[in-house]
Amino acid sequence: MFRSVLVANRGEIACRVLKTCRRLGIETIAVYSEVDADSLHVRLADRAFLLGPAPVAASYLNQPALLDAIARSGAEAVHPGYGLLSENAEFARRVGEAGCCFVGPRPETLSALGDKIRARELARQVGLMPPPGTADAVELEDVAVLNAAAEVIGYPLMVKAAAGGGGIGMQLVSCADELAEAARRACDRATSAFGDGRVYLERYLSQPRHIELQVARSHSGECWVFGDRECSVQRRHQKVIEESPSPATALAADGGKLRERLGEQARQLLALADYEGVGTVELLLDECGNCYFLEVNARLQVEHPVTELVHGLDLVELQLRLAAHEPLPPEQLGTSAHGHAVEARLYAEDPDRGFAPQPGQISEALWPEGLPGIRVDTGVRAGDLVTTHYDPLLAKLTAWGSTRAQAIARLRQGLEALRFSHQGPKGPRRTNQELLLRVLGSEAFARGAYDTGLIASLKHA
C-alpha cells in the first residue's frame with residue numbers, strides 16, 4: 001500500500017478520501033486555495049500545500065501548481081476525487097511522469113472513455129446502444145451542417161459536451177431557431193469547465209430513468225459489478241437523490257435478466273477499454289423499457305455511499321488497492337447486496353429561483369449523526385464560508401435500511417433532524433432541505449415509479 005497520498009480535490013470528497021487513507025495508516029496530504037486555507041479537508045490532512053487564489057482555474061485546476069505540490073510533498077499517489085481533474089488524461093499522464101501513481105484508470109483509458117463521443121462508439125461494439133446522435137463533434141461555424149445534423153436526429157434534442165460530466169454544458173433544444181445559440185452556450189461552458197469545447201448532438205429522451213452500474217476492474221482483468229443505482233431525481237440534469245438498488249430494474253418484469261445482461265455488457269466494455277480501477281457505467285431507461293448507453297464515469301461518483309452501504313464496501317480503499325496492484329481477498333469485495341440505501345444531497349441553493357447558488361457564512365451545522373442507519377459526508381462546518389467559486393454541495397445524507405421503505409423513513413428522519421443555516425449580506429440564505437423532504441414524501445417516490453421529471457412535476461403541483 002502507498003505510504004502517502006495527495007488528494008487533488010476539496011470539500012466533501014476530499015474529506016471522504018482523507019478519512020479512508022487515515023484509517024489505512026497512509027500519510028495524508030491536502031491542497032487548497034486561499035479561500036480554503038482553514039477548510040475542513042485541510043485540517044484533516046497531515047500536511048497541506050497552497051495552490052493559488054480562489055478561482056478554480058487558478059487553484060484546483062491549476063496543473064503546474066498541483067504538480068509542484070506533488071513534487072514538494074513527495075507523495076507516492078494522487079487521488080483526484082470526483083470532478084475537477086479526476087478524468088483529465090493529461091493530468092494523469094503528468095502525474096505518472098512525475099513518478100507518482102494516479103489513483104484511477106490509465107491516461108489512454110481516460111482519453112477513450114472521458115471523450116463521450118469515443119465512449120459511445122466503444123459501447124456500440126458491445127451492444128450498449130446510445131441514443132441516436134452525431135458520431136462526431138459538430139462544427140459550430142457551419143450552421144447549415146449543424147442544422148442538417150439536427151434534422152436527422154429530430155427535435156427536441158440535447159447538445160452535450162464531449163468532455164467532462166455532471167450535466168455541465170448540456171443544453172436542451174426544442175427547435176431549429178434555438179440550436180446555434182444553445183450549441184455555443186454548451187461549447188463555452190464546456191471550455192470553461194473542462195478546457196475542451198467540443199460538443200455533439202443527441203436525441204432527447206423525455207423523462208427517462210437514470211440507471212448506473214458500479215464497476216471495478218483490476219490490472220489482471222478481474223471485473224466486478226456491484227449492483228445498480230437509480231439517479232433519476234435530478235434538477236438541471238444533475239442528480240439530487242440516489243438509491244441502490246434501482247427500483248426501476250426491481251419493478252421491471254425481467255429485472256433479473258436485465259441486470260444480468262447489463263452487467264455482462266459493462267464487463268465487456270471495460271475489457272474493450274482495458275479499464276483499470278473503479279468506475280460507473282451510466283444508462284438511460286425509457287418508458288418503453290429500452291435501455292441506452294449514456295457514458296462511463298472513470299472515477300468515483302458522488303453517490304458512491306449508497307453502493308458502499310448496500311454491499312459493505314469502502315470504494316476508496318478498493319481504488320487504492322487496485323492502483324497499488326494489491327491482491328483483493330474475496331471477503332473484502334462484499335459482492336452480495338443487503339438491504340437498501342438512499343442518499344440526498346444538501347445544496348446551498350434556492351429551488352424557487354432556478355436553484356441559484358446561495359453563498360454565505362455558515363452559522364449552524366448540526367448533522368444528524370448517531371441516528372440509526374444514517375451516514376453523513378460533508379466538507380463544511382459552522383463558521384465556514386460557502387463561496388460562489390465552487391459547487392454549492394454542503395453534505396450528503398445517506399440512510400440504510402433492511403427494506404426500501406425503512407431506508408426512506410430513516411433518511412426523512414435524518415433530514416428533519418438536520419439543523420443548518422447560513423447568512424448572506426442581506427440575511428438568511430436557503431438550502432434545498434425542504435425540497436428533499438418533499439421528494440421523499442411524494443407518492444411517486446414511495447412507489448418507486450418516478451423518472452427524471454419528478455422534481456419538475458412536484459414544483460408545478
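**Entry 1: E282 and K239**

I began with burial: E282 and K239 are both buried. I then checked how these two meet in this predicted model. E282 forms a salt bridge with K239, and their closest N and O atoms are 3.1 Å apart. I looked up where each one sits, and the pair turns out to link distant parts of the chain.

**Entry 2: D228 and R259**

Next I turned to D228, which pairs with R259 in a salt bridge whose closest N and O atoms are 2.9 Å apart. D228 lies in strand β10 (residues 223-235) and R259 in helix α10 (residues 255-272), so this pair ties together parts that are 31 residues apart in sequence. Are the two partners buried or exposed? D228 has a relative accessible area of 4%, so I noted it as buried, the cut-off being under 20%. R259 counts as partly exposed, at 32% relative accessibility.

**Entry 3: R93 and E90**

I also wanted a pair within one helix. R93 forms a salt bridge with E90, with the closest N and O atoms 2.3 Å apart. Both residues lie in helix α4 (residues 89-97), 3 residues apart, which is about one turn of the helix. I looked up their accessibility too: R93 is partly exposed, at a relative accessible area of 33%, and E90 is also partly exposed, at 35%.

**Entry 4: the whole set of salt bridges**

How many salt bridges does a search of the whole structure find? I got 42.

**Entry 5: α1 against α12**

Two packed helices are described by the angle between their axes and the distance between the axes. I looked up both values for helix α1 (residues 11-23) and helix α12 (residues 315-323): the axes come within 9 Å and cross at roughly 65°. That makes α1 roughly perpendicular to α12, since the class runs from 65 to 115 degrees. I noted the crossing of α1 and α12 as right-handed.

Which residues meet there? From α1, I listed R16, V17, T20, C21 and R23. From α12, the list is L315, V316, E317 and L320. I sorted the residues of this contact by type and found 5 nonpolar, 1 polar and 3 charged.

Technical notes:
Residues are numbered from 1 along each chain as its sequence is written. This is a predicted model: local features need pLDDT of at least 70, side-chain atom pairs count only at pLDDT 80 or more; totals for chains, interfaces and linings use all residues. Side-chain values use heavy atoms; hydrogens and water are left out. Axes are lines fitted to C-alpha atoms, for helices over the stretch in contact, and angles run from 0 to 180 degrees between N-to-C directions. Helices (H or I, at least four residues) and strands (E, at least two) are DSSP runs, numbered from the N terminus. Angles under 35 degrees count as roughly parallel, over 145 as roughly antiparallel, 65 to 115 as roughly perpendicular and the rest as oblique. A crossing is left-handed if the near helix is turned anticlockwise from the far one by less than a right angle, and right-handed if clockwise. Contact means heavy atoms within 4.5 Å. Ala, Val, Leu, Ile, Met, Phe, Trp, Tyr, Cys and Pro count as nonpolar, Asp, Glu, Lys and Arg as charged, and the others, Gly among them, as polar. A salt bridge is a side-chain nitrogen of Lys or Arg within 4 Å of a carboxyl oxygen of Asp or Glu. Buried means under 20% relative accessible area, exposed over 50%, partly exposed in between (1.4 Å probe, protein chains only).
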